Amino acid sequence: MRDFVDMPDARTRHEQGLTLSGISLSRNGTTLLNDITCALPPSGITAVMGPNGAGKSLLLRVAHGLIDADQGLVLWQGDAVTEEARKAQAMVFQKPVLLRRSVEANVDFALKVAGIRHPSLRDALLNRVGLKGRNKQPARLLSGGEQQRLALARALATNPKLLFLDEPTASLDPTSARMIEDILREERDAGTKIVLVTHDVPQARRLADDVLFLTSGQLHCHQDAASFFQTPDSPEAARFLAGHILN
């Protein structure tokens with residue numbers, strides 16, 4: 001396995017990103033994450049890929065501090081991730097988690113948590129995700145794609161330096177999926193680090209700058225996206241990209 005951090009052209013550019021060191025997690029005698037170590041770039045989009053049950057979503061939650069690993073360490077820009085540092089992070093789940101309030105109240109809540117009171121910023125965020133004019137509508141009456149776009153607007157309200165997304169476009173309509181991908185590119189270009197779990201190979205090809213590939217809780221390779229999709233470093237990844245079902 002060739003670790004992305006060891007590639008000659010990556011050392012200086014990527015040394016202060018998100019680092020996972022020896023991350024292991026077991027439940028009821030079953031190993032869910034097995035000694036995962038990698039160093040992600042501080043910018044760009046990292047796609048986390050692998051078959052169902054690989055541990056992708058679990059790894060994301062550990063990295064964001066929602067679940068404590070049994071062993072290992074998570075660092076951001078060389079430091080342990082404190083509660084204060086986590087305020088500079090945000091996460092969008094596959095199933096949107098929304099307040100039982102209006103569309104605008106959901107974004108207002110995120111802005112309030114971030115210490116920002118700026119109605120024009122809220123309106124700009126809603127416009128950006130295609131929800132202009134829907135301010136007073138109950139959030140839970142939005143379509144699935146609209147709810148996910150609202151969840152993304154709420155995450156972006158905090159202006160995160162590190163944004164985690166867990167299958168954010170799974171089962172969405174093409175318009176919502178395309179809009180979310182466009183926003184992620186814009187955020188990437190603005191300097192936000194993005195870690196994206198996706199099962200969608202074409203989406204990863206469109207968005208990823210580097211790729212983590214997992215199966216059964218093990219990290220098999222971490223490569224820049226171009227080399228991963230052309231010549232993946234592990235047989236498992238090659239079979240996955242060829243459309244085979246992995247055990």
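Reply: The expected span of a helix is 1.5 Å times one less than its number of residues. The model shown here is predicted.

Me: How do you know that the length of helix α6 agrees with its number of residues?

Reply: Helix α6 has 13 residues, 144-156, and therefore should span 18 Å. Its end C-alpha atoms are 19 Å apart, which agrees.

Me: What makes α6 mostly covered?

Reply: A residue is buried when its relative accessible area is under 20%. Twelve of the 13 residues of α6 are buried, including Gly145, Leu150 and Leu156. The buried residues pack against β6 (89-92), α4 (103-113), α5 (119-128), β7 (162-166) and α7 (174-189).

Me: Why is Cys38 called buried?

Reply: The relative accessibility of Cys38 is 2%, and the limit is 20%, so Cys38 counts as buried. Cys221, at 0%, therefore counts as buried too.

Me: What makes up the lining of the largest pocket?

Reply: The largest pocket holds about 700 Å³ of space. Of its 21 lining residues, those closest to the centre are His64, Gln89, Ala90, Met91 and Thr158. The lining divides into 14 nonpolar, three polar and four charged residues. Strand β6 gives the largest share, four residues.

Technical notes. Residues numbered from 1 in each chain as written. Predicted model: local features only at pLDDT ≥ 70, side-chain atom pairs only at ≥ 80, totals over all residues. Heavy atoms only, no water. Helix = DSSP H or I, 4+ residues; strand = E, 2+ residues; numbered from the N terminus. Buried < 20%, exposed > 50% of the residue type's maximum accessible area, 1.4 Å probe, protein only. Contact = heavy atoms within 4.5 Å. 1 Å grid on protein atoms, 1.4 Å probe; cavity = no way out; pocket = protein on both sides within 12 Å on 5 of 7 lines; lining within 4 Å. Points joined across faces, edges and corners; volume = space filled by probe spheres on them. Nonpolar A, V, L, I, M, F, W, Y, C, P; charged D, E, K, R; others polar.
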